Amino acid sequence: MATITEAYVDSLAPNAGAIKNGRELVKKNSFPLLHETDDGTLLFGECKGSGKDPYRCSVDFATEGNPVFRCSCPSRQFPCKHTLGLLYARALGKAFTTAAIPQEIADKRDKAEKREEKKKDAAAEPDDSAKPKRKVNKSALVKKIAVQLDGLGILEKLVLQLTQSGLGSVDKKTLQMLEEQDKQLGNHYIPGAQAGLRAFVIIMQPEKDRETVYSAAMEQLLALKALTKKGKAYLEQRAADPDSPMDIDTNLEELLGHAWQLAELREHGRVQKDAKLLQLAFMSYTDEARGEFADTGWWIDLNSGHIRVTRHLRPFRAARAMREEDTFQAVVKTEELFIYPGDLNQRVRWENATFREPGATDYAAIKLLAAASFPDVIKQVKNVIKNPLADKNPVMLVAFQSIEQFDEKVILRDASGKQLQLEDFEENGRQTTTLLSLLREEELKNQAALVMFRHHLDDNHLSAQLMSIVTGSRIIRLLY
Amino acid sequence: MSVDILFNLQEETRRLFIAGSAMAAGDLRMTKLLPSIQKLGESSPVFKRLSGAVEELLHADREESAVKLLELSTLLGAILYTQGKTETAGESIPIQGSGVELRTESTYRKLHPFIEALTTKGQGRLEQIRASFEDGSFLDLRALPAVCSALDDSYSEIPDFVQTKLIPAFGRDAVPVLQKQLNLQGGKGDGRRLLLLHQQLGSSIIEFVKKAANSGSPEVKIAAITILGEYPEQESLLQELSLEKRKEVRLAAFFSLAKLGTSAAMQRLYEAATSKDREIAVEPVQKGASSALFSRLIQFGSEALERYSVQEGKARTESVEQIATVIRCLEGSGRQMAEEACSFLRKLLTTKSFLVQETENVQESAAALLLELDLPEADQFAVELSDNNKGTFIRYGFRAASKLMSPEEVYIRFSDVLGNGKSRAAKQLLSAVLELAAEQSRADGEHDGYGAVPEELWDTRWIGQFIRLEQTELVCLFAQRAKREITGYLSAKLQAARLNDWNALEILLTLFRIRYKNAPELYMELLEKSSVRSMYYLSWQHTHLLAFMPKAYTERLRAFAEKVTYESVRNQILAIIDALEEKPDELNEESGRSILKWIKNKMS
């Protein structure tokens, strides 16, 4: 069993609250019993709770790198604060006495072993027929598409209606009507489009200053219009020919609300073998329209240089019981990287991975992967964002020569003297340009920068927020 | 420029989105734009499509208008998105780095709540900030600006914590940010910034500090003046500043002068203490503690006393104020000036014309100072004073006598004053006894909070007097063992007592302390006759008393506990009873304290 550090336990905790609560249990001496087995693979103990009987908690390190948490408490949070507290007690150097493994855990270990064996046996059988290609019930699919089309029809009608009567005429009553319609859309298997309409309602909330929201509202209407148009064309074609493949070249399916399953992605060949990724930035934001928290990580594919995105979505209703993602410092190596359809920053996921500490060679490699010419990058970005359905905030890694300042404005300059204007987007919640003057001289010259783009329609300029700087020796995370 | 035309068109489509596409047909402003767009259309097919879309919109009927407007706008948007400017004209200069070596490795889940706590309002922020400080995650480049900005926070405990803990931990790295944020015309936060900058940079910023002291806002000025107090060569500037209009600034300057301690600085303080500034000069003078200055002040006091004797009305009041200031200045430094102060005070307190009602406050502080001198002759004088006056000085005389004489002598000298306890002198004496006795009993480590006075320091006859005068508190303090007259008196006092009556609890604790055999029964009775509803929380007295109970009472205690209304109190009591039951027998013989310790151990 590896030594347990506080940082390691922190990383196991589902959220900050659990970290705090777990630590407090140790501080308050809530563990009257702390035991470990002879071979050190099992920590177990008793923790005082609010009830009469203490909770019996244990952490099982029988399989390397994959501890099993068990606790008799009824908490839905996993791992619960008691098992975390047990680990903190270990990390903080509390005394553990040696004891025999409790019978119930020994039983559970046996069962788990048997399960593993069964799995292995199943995997060993060279039987392809055991894994048939997933069958699609065609008539059901056609029926579903019909309902989806119906929904898109409703949405289109609403968009046209709103355009015709004008944003100026949207009042409380209209918004109420829209919200009802939005609920109706819930029956049409297009949650993405439904969220789009809800986003419009949120933008137009009456307490906001109208003048400032019209531009955003107009954008949203255009996006909804584009979604209904493309969605209808796509779905009509699929309804006519149910055998035609799903759209895997654009993010259309996801925008309509399809949640890609890994099996589907594998089926469509959206798997990259032996990928290596390193996170360059991380942020968690709240998506009101979808009703969820989105823990978002921006990663660089160390082989191809693509900037990938991980998005861990936590619906408000389930957020408490779900693990919060956090900044990740290690290089992730995975045999199978699943890539969602999308534009510049494709979303990725992986099932199994190994980790290692990043080093100077990684940083050097990243710097080589950064795009050298701003005009090329800008062209690429413009080509993507002109699509009304595109992600309007693409993130790119660029190589810069210097960081310079006009009176108020800060720019990046590339090797051929071209500029990229930097700006602190309010939505990201933090100013990163103010940190620049604190860095070392050499960190401001000839490095790579991870930037998020945004086009401002009001004054027609394209600017970027600096998220991180990659130097030869470290990643300076300026955002988070 | 084609972009300008597109921009204008964008404006017009936005206007139509707000007004509604139903108004688009034949729209005047749009029509006006059409020719220039058509002209653009000749140059490229995209613009041709655009002009076509505009035309279609202008000719569309009501029903179609929405589709047309959306189409036009989509097309226009796509074009505009490719037109975004990225270049800025003009001269630019490279950003200078300042070489901060901080890491950026705190994770989002640690950093985000910390920065939120520093930059927003609401409760629980300090707790978060402390937690981040304890686990070290605060030491991050990204937190630095927010940390320094928090010096302006209106919840003063946060800037205090930031100033004393966080920023010192950042050390030099905080300097560039502090410098950038510092505004000499700012508020208290900027004063803190200046102090912190000086902490890091020391004398190298002295010129800047001088500038702040001369031209800063009052808050910044005060901080600058505080710093100047460390630099003797800045004395002339401090002298100047000590004449400022604002009182707070003068006060700061006085403090800094006191710190310098030069003769010129002392001269200034002397002037301040003997002028209208005397109120604010007192503390700096006390702090400076310069014997030369004290001497001069005593001299000044003596002169004031002489003036007092021949003055009348307002001038006389002024002299009293002057004398009072001198006495206050000497407070805390009495021993240092014992001889001189003693003769001054003796003169003061023997000047008949001074011993009038109007100067009573000054007389009292003079008498208090007399005791502080810790000089046998001063104490002797204090005792004499208590004889010839009607009680004003008896408390000081009593304290002085306790130092000078044997317990028996003190008793003989003062007990007669008590009489029936109603006279002013008697009351003064009782409160002096109580003061001294309470002080002494606090030193009783074994009985934390319910101790007795050291037996050898007092004459044994006192307690009889207190019983006679019904001074229960004093009886409790003086009770040493379970004598019948004491237990009888205290038990009688308990008859009318109620559960949460602190006096009753004190009496019971005393009875347990002197090992009165009936004490458990008395406490049990008190519990049983009281209303169980009135126990809202378990005070420390009850915890102690419960712990003292013998095992035999556990059944009755349990019966009482079951009736307690509040659950948390009930659980606490039951826990103590459980511990009592487990109590090993050998502990019974020992003092209550060890039992309590044992129980506390048991319950933690």
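Contact is taken here to mean heavy atoms within 4.5 Å. In this predicted model, Met283(A) lies in strand 6 (residues 271–287) of chain A and is buried, with a relative accessible area of 6%. Once its neighbours within four places in sequence are left aside, Met283(A) is in contact with Ala294(A), Asp295(A), Thr296(A), Trp298(A), Asn428(A), Leu479(A) and Tyr480(A), and also with Tyr108(B). Met283(A) and Asp53(A), which are 230 residues apart in sequence, are 41 Å apart in space, C-alpha to C-alpha.

Trp298(A), one of the contacts of Met283(A), also figures in the largest nonpolar core, where, of 180 residues, Trp298(A), Leu412(A), Leu436(A) and Val451(A) touch the most other members. The element that gives the most to this core is helix 8 (residues 210–240) of chain A, with 11 residues. Residues up to four places away in sequence not being counted, Val451(A) touches a set that includes Pro394(A), Val395(A), Met396(A), Leu412(A), Leu420(A), Ala464(A) and Met467(A). A second, separate core comprises 117 residues, among them Tyr396(B), Phe548(B), Leu557(B) and Ala561(B).

In chain B, the axes of helix 14 (residues 247–260) and helix 15 (residues 263–273) come within 8 Å and cross at roughly 140 degrees, which means that helix 14 of chain B is oblique to helix 15 of chain B. The crossing of these two helices is left-handed. Phe254(B), Leu257(B) and Ala258(B) of helix 14 make the contact with Ala265(B), Met266(B), Arg268(B), Leu269(B) and Ala272(B) of helix 15, and the residues involved divide into seven nonpolar, no polar and one charged.

How values were computed:
Residues numbered from 1 in each chain as written. Chains lettered and ligands numbered in written order. Predicted model: local features only at pLDDT ≥ 70, side-chain atom pairs only at ≥ 80, totals over all residues. Heavy atoms only, no water. Axes fitted to C-alpha atoms, helices over the stretch in contact; angles between N-to-C directions. Helix = DSSP H or I, 4+ residues; strand = E, 2+ residues; numbered from the N terminus. Parallel < 35°, antiparallel > 145°, perpendicular 65-115°, else oblique. Left-handed = near helix turned anticlockwise from the far one by under 90°. Nonpolar A, V, L, I, M, F, W, Y, C, P; charged D, E, K, R; others polar. Core = buried A, V, L, I, M, F, W, Y, C linked by side-chain atoms within 4.5 Å. Buried < 20%, exposed > 50% of the residue type's maximum accessible area, 1.4 Å probe, protein only.
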